[in-house]
2 protein chains.
Amino acid sequence: MISKVKNAMSNLVGGMMPHGHHHHHNHHAGGAQTCGPDGLPPRFPYGRPEFLELTPELLQYSTEHASRPVLTLKRGSRLPWRTGYAEVINAGKSMLNEDQACCEKLFVKKPSGKHRNSTLLDNNTRRSPPISVDASQKRDGTGIPLHFWGVFDGHAGSGAAIMASKLLHHLIKDRLGEICHLLENPSSAPPICLAKNGNPFQVESKKGASQEPEDPDAVCDSSVRFYMEKVVSLESLIMGVIETAFKQMDDLIEKEKASYAISGGCCALAAIHLMGKLYVANAGDSRAIIIRNKEVIPMTNEFTPESERQRLQYLGFLRPELLGNEFTHIEFPRRIQHSELGKKMLYRDHTMTGWAYKTIIEDDLKFPLIYGEGKKARVMATIGVTRGLGDHDLKVYNSNIYIKPFLSCVPEVKVYNLEENKHGPDDVLVMGTDGLWDVTTDRDVAEAVSTYLSCCDPSDPMRYTLAAQDLLMRSRGVLKERGWRLANDRLGSGDDITVFVIPLVGHETDT
Amino acid sequence: MISKVKNAMSNLVGGMMPHGHHHHHNHHAGGAQTCGPDGLPPRFPYGRPEFLELTPELLQYSTEHASRPVLTLKRGSRLPWRTGYAEVINAGKSMLNEDQACCEKLFVKKPSGKHRNSTLLDNNTRRSPPISVDASQKRDGTGIPLHFWGVFDGHAGSGAAIMASKLLHHLIKDRLGEICHLLENPSSAPPICLAKNGNPFQVESKKGASQEPEDPDAVCDSSVRFYMEKVVSLESLIMGVIETAFKQMDDLIEKEKASYAISGGCCALAAIHLMGKLYVANAGDSRAIIIRNKEVIPMTNEFTPESERQRLQYLGFLRPELLGNEFTHIEFPRRIQHSELGKKMLYRDHTMTGWAYKTIIEDDLKFPLIYGEGKKARVMATIGVTRGLGDHDLKVYNSNIYIKPFLSCVPEVKVYNLEENKHGPDDVLVMGTDGLWDVTTDRDVAEAVSTYLSCCDPSDPMRYTLAAQDLLMRSRGVLKERGWRLANDRLGSGDDITVFVIPLVGHETDT
């Protein structure tokens with residue numbers, strides 16, 4: 001393993017390592033680009049989050065699986081909201097750290113010029129929208145401020161996680177820009193229908209002329225009030241923006257795979273602060289909790305083969321061709337032996353929560369779509385998370401069966417109203433990849449953070465980073481003769497770990 | 001309306017009225033059976049629950065829409081656990097009371113003779129199982145005691161609700177009988193695999209002979225322990241029994257429609273007490289709550305077009321042929337006018353919780369699969385509940401599009417451990433059809449019951465029936481010049497209302 005890491009590092013320092021442990025050696029000597037398996041260049045080079053400001057030496061140092069150095073924000077650097085950050089590489093399961101993170105302050109603005117009336121508002125056409133990564137726009141300070149934090153836990157390569165960490169927040173910002181005129185007027189409900197120019201559009205009354213109503217009175221025409229019309233809140237429109245942006249991110253990865261090597265897939269967890277509310281969007285098994293007055297408020301659910309069993313079984317039941325004659329959508333408590341044909345075995349299908357007995361038939365001998373328990377549960381014996389971005393060409397080993405139809409790129413979005421709640425300096429949002437939570441419970445995280453912060457100088461700009469580092473250490477443990485061990489001598493997490501600790505108070509000075 | 005009711009009543013007194021408001025007039029004069037539209041006899045005659053012991057005169061009186069008399073248990077009658085009961089007919093929306101109820105004490109026993117090894121354990125073959133409605137077995141007092149309460153809220157006729165109220169508990173009892181040997185040994189986990197004789201079956205080790213292991217040691221063979229094996233609890237096996245019994249009930253209705261007129265469909269809510277635990281199974285929009293120490297513990301979720309929107313949209317998306325070219329699976333906040341083609345309208349698909357804008361295309365002009373809000377939300381403009389039994393031939397008006405594929409007959413089962421909690425005489429389970437809950441909240445029901453029972457003689461055998469009647473009156477209201485009105489002058493429920501109030505303590509004397 002060590003020699004493999006060394007090998008990768010020489011690539012890395014020469015430029016980047018786009019393919020995680022699926023790398024190979026046709027890189028251009030000393031060149032800035034290493035090509036993927038199809039000879040395609042990577043979409044973005046491998047690296048750690050820019051805000052860490054790593055030198056090439058530090059970047060190399062960060063990938064030492066033997067020592068697993070913890071990276072934090074440099075003293076003197078500063079993230080929006082005094083956000084704290086810490087990360088560490090895995091204990092050897094992949095050559096590079098496949099986690100990625102992003103923390104940005106952006107400004108939501110009306111799209112400029114011709115984009116306004118074209119495809120931007122349109123989620124119907126699945127074209128990838130233009131993305132405005134425009135440094136000047138980022139800093140001129142006009143528009144509605146938007147804060148974004150993302151953690152991306154990659155698998156089977158780091159390409160998707162890196163790309164998502166670079167682009168997802170821009171997609172969200174751009175989609176929000178399209179409804180900017182609605183955000184600027186938060187007291188009135190969003191119009192149900194928009195004309196091409198983005199103004200509210202209402203069908204004309206029977207007596208009216210058949211032109212678009214320029215007369216403001218026409219908008220309130222009573223002849224259409226007869227019909228049921230749901231009131232949609234601005235909040236649910238913002239949720240829709242985030243859901244749609246995740247889909248567009250996933251589509252963009254698929255599209256750009258034609259031109260770039262974008263390896264693997266990733267879980268995506270994003271927190272967006274806009275107009276006094278925190279939107280936490282999760283697709284995968286990362287987790288976010290708010291700690292308020294030492295109490296835990298969960299902001300995410302995990303999406304795993306176990307938690308999404310019924311959704312996946314339902315798809316397998318309705319579209320058996322996706323199972324490629326190799327898998328059965330029915331769940332059994334263990335593999336069935338051929339000698340058990342005709343016996344009765346416990347099972348459950350997509351409709352059931354409990355278990356019942358069924359007579360075993362030939363078809364039941366196929367491998368179960370969902371198999372395994374807890375962290376070992378897998379979809380089609382391949383993947384342990386059921387939502388995320390990328391994975392478009394992930395197949396069952398040695399087969400032509402694609403996993404992607406069973407994966408969802410849509411996050412669950414929860415909303416927390418920051419302005420409706422009082423917060424102290426020790427109240428925080430903690431976001432972490434599963435490496436953090438696998439060995440430390442919500443409750444333990446809350447206790448550790450609360451204890452740590454209460455002992456910390458409230459004016460220390462590093463306090464949230466130090467708290468993040470403390471959390472990370474609790475899950476990584478320390479290297480002993482028998483591996484990475486926690487304080488209680490249990491095994492520490494051997495996974496990549498990424499942690500944000502985000503204070504919920506005192507950011508007024510920052511916006 | 002009055003003359004229609006009178007007309008129905010003459011049928012009723014002559015025998016029964018199998019078809020609710022879809023009735024017609026080809027009944028045999030004075031005969032015991034009125035035939036359905038296909039000339040088929042009803043599966044069970046119309047009537048009210050047997051435990052009400054109604055005379056024909058009282059049965060007729062019970063259907064007076066004008067006065068809406070409240071029916072309760074007779075003083076002197078007694079249901080298991082001193083269960084309280086009250087019901088009332090609707091204000092005219094259907095000729096007969098389409099609610100039904102059931103309260104029974106049964107005994108779970110091993111199936112006798114040849115059934116044991118045949119189809120009974122087998123949920124694979126969708127044959128309808130033999131049902132043992134055997135009065136002697138019911139009363140000889142051997143076996144594991146099982147208490148059952150069911151409320152069935154019929155629609156488009158009373159046939160399905162009546163049939164379910166007569167048979168569902170027997171199906172559950174019979175399915176439990178098949179695992180009786182497991183119930184009798186609750187300390188050991190149910191075996192994953194059963195041989196034909198019902199004994200645990202384990203595949204042989206490589207070295208073993210290829211006969212079924214008679215040797216008890218063979219069951220613990222270590223060669224199969226290598227594989228992952230989920231531990232399934234007895235509780236989840238009982239949940240599976242209940243889920244399976246609901247499916248069998250639904251299949252039985254479908255099958256017997258070949259020979260009988262079984263009109264409409266019904267929501268089904270059942271509470272089963274077995275071995276110290278209460279299993280509450282709900283398919284539809286009835287509701288059950290436990291009131292413990294004046295606090296509400298919800299025991300059901302409602303299944304409606306709104307709560308199951310995404311499941312239905314997903315089916316419409318995956319199987320568009322079920323929408324018959326008339327409906328779109330995409331939701332819009334209102335109907336779209338043809339003149340709005342090309343405009344942008346808010347929408348959400350099966351993946352979304354929030355809303356986004358899309359350009360309207362021709363296909364979006366179809367009627368939405370889910371349409372309307374709250375109590376007015378409908379699937380395919382037809383039905384306002386998405387789970388239940390029956391409805392096999394329900395079609396969209398004036399079309400050949402079946403609704404049934406979108407309906408689920410599977411209940412959600414919640415478990416409450418009676419023995420793990422302390423209960424006083426005012427702690428109860430309240431079960432009611434939506435007529436009760438539409439105008440009275442959980443909180444109000446809890447307050448009303450707690451207040452009522454605390455003023456009531458604890459030894460009065462009628463106290464729970466009086467509490468049920470009190471609840472019912474709060475939702476029905478009283479007849480004023482402007483219809484049925486509540487104490488606050490708001491409109492009372494015009495629906496059929498059925499209420500059970502079931503004490504959670506003191507039933508030891510009854511078992």
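Predicted model: local features only at pLDDT ≥ 70, side-chain atom pairs only at ≥ 80, totals over all residues.
1. Which residues of α10(B) are buried? They are B:Asp442, B:Val445, B:Ala446, B:Ala448, B:Val449, B:Ser450 and B:Leu453. These buried residues pack against strands β8 (287-292), β9 (295-298) and β18 (428-432), and also against helices α9 (434-437) and α11 (463-476), of chain B.

2. The strands under discussion belong to an open sheet of six strands in chain B, with the order β1-β2-β21-β18-β8-β9 and antiparallel pairing. Its edge strands are β1 (71-72) and β9 of chain B, each of which pairs on one side only.

3. Within that sheet, β2 (residues 84-88) and β21 (residues 497-503) of chain B are joined by five bridges in the antiparallel sense. B:Tyr85 has B:Phe500 in β21(B) as its bridge partner.

4. Aromatic pairs come next. Over all chains, a search of the whole structure finds 13 of them. One is A:Phe51 with A:Phe500: the ring centres are 6.3 Å apart and the planes lie at 45 degrees, so this pair is tilted, as the angle falls between the limits of 30 and 60 degrees. The pair links distant parts of chain A, 449 residues apart: A:Phe51 is in the loop between α1 (2-14) and α2 (56-61), whereas A:Phe500 is in strand β21 (residues 497-503). Both A:Phe51 and A:Phe500 are buried.

5. A second pair, B:Phe367 with B:Tyr371, is edge-to-face, at 5.2 Å centre to centre and 70 degrees between the planes. Are these two residues buried or partly exposed? B:Phe367 has a relative accessible area of 22% and is therefore partly exposed. B:Tyr371, at 15%, is buried because its value is under 20%.

6. Ring pairs also join A:Phe51, A:Tyr85 and A:Phe500 into a cluster.

7. Two arginines sit over aromatic rings. The charged end of A:Arg43 is over the ring of A:Tyr260, at 5.2 Å from the ring centre. In chain B, B:Arg387 lies over the face of B:Phe303, at 3.9 Å from the centre of the ring.

Conventions
Residues numbered from 1 in each chain as written. Chains lettered and ligands numbered in written order. Heavy atoms only, no water. Buried < 20%, exposed > 50% of the residue type's maximum accessible area, 1.4 Å probe, protein only. Helix = DSSP H or I, 4+ residues; strand = E, 2+ residues; numbered from the N terminus. Contact = heavy atoms within 4.5 Å. Phe/Tyr/Trp six-rings, centres within 6.5 Å; stacked < 30°, edge-to-face > 60°. Lys NZ or Arg CZ within 6 Å of the ring centre and 35° of its normal. Pairing = 2+ DSSP bridges.
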